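Take a look at the model below.

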Amino acid sequence: MSDHPGKISRRTFMRGTATVAAGVAVIGAPTEAGAQDLAPSRFSSSVTVRFEINGVDHVLDVEPRTTLLDAVRERLQLTGTKKGCNRGECGACTVLMDDRRVNSCLILAASTDGRKITTIEGLADGPVLHPVQQAFIDHDAFQCGFCTSGQIMSAVGCIAEGHAGSNAEIREWMSGNLCRCSAYPQIAAAVEAAAGEIV
Amino acid sequence: MSNLGEPVPRSDGKIKVNGSARFAADQSLPGQLHAVFVSSTIPAGRVANIDTGLALGLPGVVRVLVAGDLPPLHADFNETMVPPLATKSIPMQSDEILHEGQPIAIVLAETLEAAEAGARAVRATYAPAPYINPEAAAPDAVDPERGGYSYLDASEFLKGDPEAAMTSAAHVVQAEYAQPTRHANPMEPSAILASWSGDNLTVYDSVQHLPAVQANLAATFGLERAAVRVISPHTGGGFGVKGYVWPHELLAAMAARVMRRPVKLVLTRRDMYGMVGTQPRVTQEIRLGADSTGKLVSMTHVVSNVTGLTEDYIEFATVPSRSFYACDNISNLQLVRRGNMTLPTYMRSPAEGPGSWALGSAMDELARAVGMDPIDLRLASYAEVDPVSGDPWSSKKLREAYALGSERFGWRSRPAGGTLDGHWRIGCGMADCSQGVTRFGSTVRVLLKADGTARFESSLCDVGQGPATIFAQVVGEILGLSPDRVHAVTGDTNLPPAGPTYGSATTISTGTALHQAATAVRDRLARLCGWPVAEIAMRGGSIVRGTESRTIEAVLSEAGVSELSGDGALEIENYADAGLPGFPARSFGAIFVEVGVDPELGLLRLRRATGAYSVGRILNARTARSQMIGGIVWGWGQAAMEASHFEPSLGRWHAKDLANVVLPVNADIPPEIDIAFVDEFDPNAGPLGVRSVGTMAATGVAAAVANAVYDAIGIRVRELPITPDKLVQG
Ligand code: FES
Ligand code: FES
């Protein structure tokens, strides 16, 4: 599995985390030895974030440890974004942040203040599907559909980045999104078709 | 015109691309608690102490349940069967630990974050016991007392005198083949939301067979089946590991019972390695004897697989050697190696998946020993009848599939093995694909409404194969409606119970019941018109007799009927069978692959593949093609990538994630995956003429790849996966 160059980089992630750390609390999984550090007060603080999600402004109080993925799914009930691994390995949680594709399980919600987030629910234009969504139907680019939200968001990002120039390029740049139903050839074909339509 | 066979788009396409299809983990209920497991870090022994103090001090953590806090299994539970219950060994009913990753405590909290933090803060101490590494255990005979898996197929088979025949064979090949344990890793981790109302339990679950969950949860608590409702409209891939009922489902319902609040449990990816099954490591010894013309005269096949300590799960990899080829002398033996591991399970593709890897490789070795093309070698032992029963197949067009596949692939004009393309050495290989048909009892109701639409109701769940789509086509065909006027109401045990969505059994099982139900509705409509059933046809939303035609709306409104319903059932004795009695049913095919090998770096790449299949009638060319592509990718994973390594000193999996367990990604799979079906209608398999499709696509692929590797560089790899270390030359 290749590390996805289009996804949020480690450095960006660290920067996001650092912002939070400076402002609110220190994040870190307790180790065996450090378990006593889990004083009750530790997670009681919350951070207020203002972000735009699918065109709507939101103000949300989140715990500093809450990921964007959990905030979107459990707090906002936008459950189209899926959790396949919760650690940046599968792409099921892909959303657009300021029009860039990111794994929302690797983003702390607290670091999204002032950002613009687009999830799968915000992609269509009312009843009219986004060209990538339509292409996924037309090419039968899914079976169970569990990876599909992430694939589609990733495809939108992939096309916008200019990484959809050929089938081979698409396959490379879509390889951060696992599909265990293994609809890969159909996914690549759908992205290729949609890319042709979007330009 | 018939819509059957047409590439009708998926009926759930829109909700799958706009994020509105709700999977189990997407459900929420007011007042719900989030559950996170604490699991054992040792593979054997007892829990000595669990310190929950720290966890309980964290804000949001409501309770930490340990073994003594859960209700005991009701006496009815003793009557449950393994399978469809995956295992009778239910964690947290005692302090015993049987494998690493076994749940030992459940943290319940107001938020997921609090439950996760709570789980990390629970401190467990253990009284470890010596554990048994199943991979190092000596093979043992299957024990029919250990669960019911041994009843699902034959652990021993003997026909003729294989030993004597082997001594007279002109050519003998003998080898041992191995494949590692592999985890299914569906993209959706298993999830369940359990909620009680008095003595009634409702669960949103991620499953492949709802009635099995209903029955086993009822038995767990000593309830009537009707007191348990299972809802599962969408499942995010199962591949077998959501087929049977696993302990976490029972534990979530128990936790909800204790807490008197809904409990939502979503397994972590790590949990998926300890709490649901896997395809076990399988080793196989095969001997093939052939006469001077290449005809098989003797086959012996001994298989052993790893399993847990409580039940003997059997990976019936011997099936291919008693069903693929005509041979008068065959012996098969299945053995198990027991140890401290999570019980394995049926995973895409079971039995024939592992078996075809070994047999398909051995046939290639034999073809080279005899000096025959592998297709000609297979044709020399073409099984016209089922080698086990001697009965004729329901239908078999494998000769046609060989011809179709080899034509499309260009098999007879393939480049010579080892041909260079840059630094890549090209090789081609082929192997047989085949899977036996399984039918499960199933019921369906079809309703025709006065507005000229229809719907069908069944508890079946769509795990992605597309039954909701193809069944709308079937109902539409019988009632003369376009498929988009037929709606699927599925995924709920309040609906007529359907068989499972596994083993490629749905279309033939539920489809047969559906055919009956829709036909009953059609006949009722004819009677309402006063027209003889034999004289009518259904077309374009109307019932037609000769030159007369009446719309469905008109007939129903005139009769003052708001809807007509019909029930259908496929009744099967003993839960499951292998086709209509007297007609053993099996799907057949052949897979051809071209690979590139870089012998200096040990790299292996798939360049193209052609699969040609004899599966009966295809109801939807689009969904069938997707299933076959999916299977071939799974086969590539099995051949070249996938392995879960058991760490022998710790008794656990080396890696329990998606980064260190390699799976195929888009870049691994070329666009040139060519799928073809032989034109076929199997009248002996059922009214729809279908057999089975998806499961068999993953059979044969690993052998074809290994054969292609040999063709390319002359190295015979007999242990999967075919990783670079096995390919670098000198
Ligand atoms: S859930 Fe975020 S990458 Fe898998
Ligand atoms: S469609 Fe099922 S995982 Fe991709």
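Which residues on the other side of H12(B) are exposed?

## Two sides of a helix

This is a predicted model. On the other side of H12(B), the exposed residues are B:Ser557 and B:Glu558. Helix H12 of chain B covers residues 552-559. Its buried residues are B:Ile552, B:Val555 and B:Leu556. Seen down the axis of H12(B), the buried residues fall within an arc of 90 degrees, so they line one face of the helix.

An α-helix has 3.6 residues a turn, so residues three or four places apart point the same way. What follows the helix? Just after H12(B) comes B:Gly560, with a positive phi of about 65 degrees.

## The domains of chain B

Chain B is divided into domain 1 (24-130 + 187-237 + 242-275), domain 2 (156-167 + 279-438 + 578-726) and domain 3 (439-570). Between domain 2 of chain B and domain 3 of chain B, the contact takes 18 residues from domain 2 and 16 residues from domain 3. The C-alpha centres of these two domains lie 37 Å apart.

Domain 2 of chain B and domain 3 of chain B bury about 1,400 Å² between them. Carbon and sulfur atoms account for 60% of that area. Three residues stand out: B:Thr438, B:Leu619 and B:Leu688 supply 37% of the area that domain 2 of chain B buries against domain 3 of chain B, more than any other three residues.

How many salt bridges are counted between domain 2 of chain B and domain 3 of chain B? The count is zero. Across this interface, two residue pairs are in polar contact.

Note on methods. Residues are numbered from 1 along each chain as its sequence is written. Chains are lettered from A and ligands numbered from 1 in the order in which they are written. This is a predicted model: local features need pLDDT of at least 70, side-chain atom pairs count only at pLDDT 80 or more; totals for chains, interfaces and linings use all residues. Side-chain values use heavy atoms; hydrogens and water are left out. Buried means under 20% relative accessible area, exposed over 50%, partly exposed in between (1.4 Å probe, protein chains only). Helices (H or I, at least four residues) and strands (E, at least two) are DSSP runs, numbered from the N terminus. The arc is that of the directions from the helix axis to the C-beta atoms. Domain bounds come from an automatic or database domain assignment. Contact means heavy atoms within 4.5 Å. Buried area is the accessible area (1.4 Å probe) that two parts lose on being put together, summed over both. A salt bridge is a side-chain nitrogen of Lys or Arg within 4 Å of a carboxyl oxygen of Asp or Glu. A polar contact is a pair of N or O atoms within 3.5 Å; within protein, one must be able to donate a hydrogen and the other to accept it, and residues adjacent in sequence count only if both atoms are side-chain atoms.
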